[in-house]
Amino acid sequence: MAKKKKKPIVLIIEDDEVLLRTLYLLFRKYNYTIASAGDGDTGLKMAQRIVPDLVILDLLLPKMKGLNVLKYLKANPLTKNIPVVILSNLGDEYDVEQAKSLGVKEYFIKAETDLSSLAQRTEKVLSGKV
């Protein structure tokens, strides 16, 4: 009997409830298991507990900023290899460079991002093509 393929787990750490719901619905279409957190502290704890296949991370979050979440994820042997995709309103060169220096796979600016292209790039990250 063929072994059933495990659905990838995507953790979305985003405090905007409308965007979070939209992302949830979008990624469900791709047959992912979705976990979500509305603040950085909860998101970090959740990532350490479930060890998702991918994290989509906002940078402007309550309780703990996204860059701090990213630093902790990358410093922890359990979570350091989880690919992280940034989806944020912060788009200045400093923020982008800081995130990339910490190993993010992709950086998307919310106002400039079509969600279907986000989903397509996320597919590539999950498949190891990015």
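A salt bridge here is a side-chain nitrogen of Lys or Arg within 4 Å of a carboxyl oxygen of Asp or Glu. By that rule the count comes to five salt bridges. Please keep in mind that this is a predicted model. Here are my notes, point by point.

1. **The pair within α2.** D41 and K45 form a salt bridge, with their closest N and O atoms 3.1 Å apart. Both residues belong to helix α2, where they sit four residues apart, about one turn of the helix. D41 is partly exposed because its relative accessibility is 25%. K45 is partly exposed too, with a relative accessible area of 49%.

2. **A bridge between two loops.** D58 pairs with K110 in a salt bridge whose closest N and O atoms are 3.2 Å apart. D58 is in the loop between β3 and α3 and K110 is in the loop between β5 and α5, so this pair ties together parts that are 52 residues apart in sequence.

3. **From strand to helix.** E106 and R121 meet through their side chains in a salt bridge of 2.4 Å, N to O. E106 lies in strand β5 and R121 in helix α5, so the bridge ties together parts that are 15 residues apart in sequence. E106 is buried, with a relative accessible area of 13%, whereas R121 is partly exposed at 29%.

4. If neighbours within four places in sequence are left aside, K110 is in contact with E14, L19, D58, L87, S88 and N89.

5. **The largest nonpolar core.** This core has 24 residues, and L57, V84 and I86 touch the most other members. Two or more residues come from each of β1 (9-13), β2 (33-37), α2 (40-50), β3 (54-57), α3 (66-75), β4 (84-88), α4 (93-101) and β5 (106-109). Which element gives the most to this core? It is α3, with four residues. Another core lies apart from this one; it has 17 residues, including L19, L26, I34 and L87.

6. **A look at I86.** Leaving aside its neighbours within four places in sequence, I86 is in contact with L57, L59, A99, V104, E106, Y107 and F108.

7. **Helix α1.** Residues 17-29 make up this helix of 13 residues, which reaches 19 Å from its first C-alpha to its last, close to the 18 Å expected at 1.5 Å a residue. Its buried residues are L19, L20, L23, L26 and F27. They cover an arc of only 130 degrees around the axis, which puts them on the same side of α1. E17, V18 and K29 are exposed on the other side. The buried residues pack against β1, β2, β3, β4 and α5 (115-126).

8. **The ends of α1.** Just after the helix, N31 takes a positive phi of about 65 degrees.

9. **Helix α2.** G40, G43, L44, M46 and A47 are the buried residues to look for in α2. Viewed down the axis, the buried residues of α2 fall within an arc of 165 degrees, so they line one face of the helix. These residues pack against β1, β2 and α3. D39 caps the N-terminal end, with a side-chain oxygen 3.1 Å from the backbone nitrogen of D41. That is the D41 whose side chain forms a salt bridge with K45. Just after α2, V51 takes a positive phi of about 45 degrees.

Note on methods: Residues are numbered from 1 along each chain as its sequence is written. This is a predicted model: local features need pLDDT of at least 70, side-chain atom pairs count only at pLDDT 80 or more; totals for chains, interfaces and linings use all residues. Side-chain values use heavy atoms; hydrogens and water are left out. A nonpolar core is a set of buried Ala, Val, Leu, Ile, Met, Phe, Trp, Tyr and Cys residues joined through side-chain atoms within 4.5 Å. Buried means under 20% relative accessible area, exposed over 50%, partly exposed in between (1.4 Å probe, protein chains only). Contact means heavy atoms within 4.5 Å. The expected span of a helix is 1.5 Å times one less than its number of residues. The arc is that of the directions from the helix axis to the C-beta atoms. A polar contact is a pair of N or O atoms within 3.5 Å; within protein, one must be able to donate a hydrogen and the other to accept it, and residues adjacent in sequence count only if both atoms are side-chain atoms.
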